[in-house]
Amino acid sequence: MSGPAGPVAAEPTSLYAAQQKIYPREVDGRFDRLRRLAVWLLLGLFYLLPWLPWAGRQSVLFDLPARKFYVFGLVFWPQDFFYLTWLLVIAGVSLFFCTALAGRLWCGYACPQTVWTEVFLRVEYWFEGDRHRRIRLDRGPWTRGKILRKAGKHTAWIVLALWTGLTFVGFFTPIRQLGAEVLALATGPWESFWILFYGAATWGNAGFLREQVCVYMCPYARFQSAMFDRDTLIIAYDPARGEPRGSRARRADPRAAGLGDCIDCRACVQACPTGIDIRNGLQYECIACAACVDACDSVMDRMGYARGLIRYTSQQALEGRGTHVIRPRMLVYGALLGLLIAGFFVSLALRTPVGLDLMRDRNALYRTLPGGRIENVYLVRIVNKDTRRHRYVLQAAGLPGIVLDTDAREHVVGPGDVYSVAARVRVPAAAAHGSQLIRVQVRAVDEPRFAVEREARFLGP
Amino acid sequence: MPPTESPPRSADDDAPAAVGWSQLAQDVAVTLWPAFLAAAVATMFFFAFFDPSLLGAGAVPPRWLQSRMAGYAVGFFFFWSIGTLSSALTLYLVRTAHQRQAPPAARTRGPM
């Protein structure tokens, strides 16, 4: 075993050594195209979704100032936070499931760090050229051309980063209004702050930190090995086929020279965004981006060798055994994931889209009316979580002869609105003594299954 | 397993060998980043249950808290700074404990 993944040598001189830059080499191939497709899809979704209207408002809006979350036709309130937690749990278990099945697919194709780094690298390529040119440019003197290229790159990066910041804030505050404010240079202090903060984070993460984030900062990179087993899909170099490595003439027969298929061109090392050598075996720095696979395949094509010296495979397959896709770990993760997702949608479908809060009027405990009835006053809040307007009625139950009275018989509440009304609950004196529990129900007249009930305390003499 | 000796470099590979972050950069990263993640989760949970415009010790929230956006931001940075403090202390304790456990080879030699 060689140890590039071992601890950094603890020599005092290396403590504050400057970081050496990684210049990943451009590759073209199946997996690179797949990643570009994923980048287009995911970033397209991110940048366009907040602009998409839905039923007269923004399709996805986590309206923090108003404390309401809109996701297409659904409206969530802080009380529905449980759903968000549930979604996070589903996301976590999906990650477990996908990791056990196919390794670090997330890292290579979907992680925001990867996706934005890919875009920033593309911009860098437009301005500074390929890997070889970039290295030369960085080493060369500060000529006019270098200054122009660097300035152009950073301008494009900063515009992209600020646009990302604006989009991010646009998920939390209405984006059309925000866009107009930006054009008028009249954004509020906190909007400006978050646009700049998120913009700066994008610029720094995708422009400078890049895959070093995966190596040093990502917890998933460290604990993903717990989800791996010998059947998990990994990217690996096939040493049985490649070794002994060595350069050779294109037409030479490697077997005659006593060589394997690896020509030791280091294309895989140069393509690696985290700067590792995949030929040293599976390392936690590997984000499974498959850039080395593409790089190696193109070399194999040129040499006239079969593709797949570096490939998606499993430890089992590398050792000449079959890979088992269905195995206990997959069944357990899969069943758990299925249950969580099914439960989520069932509970979402059964969700009553009306909320009810009751608060006792603090001015008087109770009031005795002429005719001997006892009255308690409550402040009632009706929350319409549906996307349509509804008419609601209130009712009280729980004591003999109980009556609930409000100024209007029906209460019209707009979609996503909160409506407050004072409710006077009256009970014949004979039934009211001390503190008793009553039930108050709100029900939509036009949709009787939209009903909820709350308990309240009724006070009497 | 492949051989351990490093292969000769091809001619176009004139880039410096990539080495990682300095210890300082790593320390800063592992202090700030977990605290950031924890602060994001804490902010989400906290403000799901408490409306920032209803917080404050007195009957009326302090002036800077009257905009909800300000409340969220202050809350987030508060959680982040507490998390950073915790991360930094953990890092410090792990580091100093490690130094004590180092093999006493250097000490047994005694003063020069």
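Trainee: How many residues of the lining of the largest cavity are nonpolar, polar and charged?

Mentor: This is a predicted model in which local features need pLDDT of at least 70 and side-chain atom pairs count only at pLDDT 80 or more, while totals for chains, interfaces and linings use all residues. Residues are numbered from 1 along each chain as written, chains are lettered from A and ligands numbered from 1 in written order, and side-chain values use heavy atoms, without hydrogens or water. A cavity is a set of points on a 1 Å grid over the protein atoms alone where a 1.4 Å probe fits but cannot get out, and lining residues have an atom within 4 Å of a point. With Ala, Val, Leu, Ile, Met, Phe, Trp, Tyr, Cys and Pro as nonpolar, Asp, Glu, Lys and Arg as charged and the others, Gly among them, as polar, the lining divides into nine nonpolar, two polar and eight charged residues.

Trainee: Which element gives the most to the lining of the largest cavity?

Mentor: The count comes to three cavities of 30 Å³ or more. Of the 19 residues lining the largest, A:P24, A:R25, A:D32, A:E118 and A:L121 are closest to its centre. The elements (DSSP runs numbered from the N terminus: helices H or I of at least four residues, strands E of at least two) that give two or more residues to this lining are α1 (30–48) and α4 (112–128) of chain A. With six residues, the most is given by α4(A).

Trainee: Which residues of α4(A) make the contact with α1(A)?

Mentor: Contact means heavy atoms within 4.5 Å. From α1(A) come A:D32, A:R35, A:R36, A:V39, A:L42, A:L43, A:F46 and A:Y47, and from α4(A) A:T114, A:V115, A:W116, A:E118, A:V119 and A:R122.

Trainee: What is the orientation of α4(A) to α6(A)?

Mentor: The axes of α4(A) and helix α6 (residues 144–170) of chain A come within 9 Å and cross at roughly 150 degrees. The two helices are therefore roughly antiparallel.

How values were computed. On a 1 Å grid over the protein atoms alone, a cavity is a set of points where a 1.4 Å probe fits but cannot get out, and a pocket is an open set with protein on both sides within 12 Å along at least five of seven lines; lining residues have an atom within 4 Å of a point. Grid points are joined across faces, edges and corners, and a volume is the space filled by probe spheres set on the points. Axes are lines fitted to C-alpha atoms, for helices over the stretch in contact, and angles run from 0 to 180 degrees between N-to-C directions. Angles under 35 degrees count as roughly parallel, over 145 as roughly antiparallel, 65 to 115 as roughly perpendicular and the rest as oblique.
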